[in-house]
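Colleague: Please take a close look at the aromatic side chains of this model, and then turn to one helix for comparison.

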Amino acid sequence: MKKLWITLTYLVFLLLLVVPLVKIFTGAWEEGWSGFVDALGRKQSLHALMMTGLIVVIVTVINTVFGVMLALYLVRATWLGRRIKQLLNSVVDLPFAVSPVIGGLMIVLLLGPNSVMGTFFEDIGFKVVYALPGMVIATLFVTFPLMVREVMPILQEIGSQQEEAASTLGAYSWYTFWRVTWPSIRWGVIYGVVLTVARSLGEFGAVLVVSGNIMNKTQTATTLVYQDVENFNVTAANGVALVLAAFSVGLLLMMEWAKKRKGVH
């Protein structure tokens, strides 16, 4: 029975992950090297990949800073009541329970051109929805739990004894964080960064809603793949998808290699 379950597990893994990746790879090279280069060398492809990279950088920086801060507050802050911590924990998990498309729709309803806040921002010359800020907010919405949920268990596991001892000896909070807390949580933060980058690269639903998918303006790599498929330009779609998949898989493999080199389990 055990061997049967192991075989079924490998079979599901093969069908859901390996076969689609192989199909994308073969589809991207269906027209040879020239077809692959043409797919990536298009103006819309270059702009979409650049837009995706910009969003990934901005989201990863914001997610790292505020994700680590929120994790510290939820675990260490004694001035936060139990009910407030439960509420914040629920808010953090909200993107897991809500579809990204619904998240994007909420952003449009709150900050769109027909909303009060959206009208205010547009009056001062700052467009949110159907522009880069809205795309960043949408990506932040779906990726924010990743960093918090990576760091919180580590903070709970290591306890606060060493931090309290450093504080008793007169160490400032920043010094305590860098010298005591950071060495313990750094691999959790790094893995949270990797997951954030991978998730940001692949985000589609929320970004599609808030961006409008305007070619050479608010189009990301994933929405370009969607448009190419709709236009039956499958080879180009596979080419862009292959770049995204290769980057994400490579990032995860490098992370696992680095963890083994450092002896982290």
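Modeller: Rings of Phe, Tyr and Trp (its six-membered ring) form a pair if their centres lie within 6.5 Å; planes under 30 degrees apart are stacked, those over 60 are edge-to-face and the rest are tilted. By this rule, there are 7 aromatic pairs. One of them joins Trp33 and Phe36, a tilted pair with 6.2 Å from centre to centre and 40 degrees between the planes. The model is predicted, so local features need pLDDT of at least 70 and side-chain atom pairs pLDDT 80 or more, while totals for chains, interfaces and linings use all residues. Residues are numbered from 1 along each chain as its sequence is written, and side-chain values use heavy atoms, without hydrogens and water.

Both Trp33 and Phe36 belong to helix H2 (residues 32-41), where 3 residues, about one turn, separate them. Helices here are DSSP runs (H or I, at least four residues), numbered from the N terminus. Trp33 is exposed (over 50% relative accessible area), because its relative accessibility is 59%. Phe36, at 12%, is buried (under 20%, with a 1.4 Å probe and protein chains only). Elsewhere, Phe120, Phe121 and Phe126 make up one aromatic cluster.

Helix H4 covers residues 82-97, which is 16 residues. Its buried residues are Lys85, Val92 and Pro95, and these pack against helix H3 (43-76) and helix H7 (132-158), where contact means heavy atoms within 4.5 Å. H4 also bends by about 25 degrees at Val91, with Pro95 following within four residues; this bend is the angle between axes fitted to the seven residues ending there and the seven starting there.

Methods. Helix = DSSP H or I, 4+ residues; strand = E, 2+ residues; numbered from the N terminus. Expected span 1.5 Å × (residues − 1).
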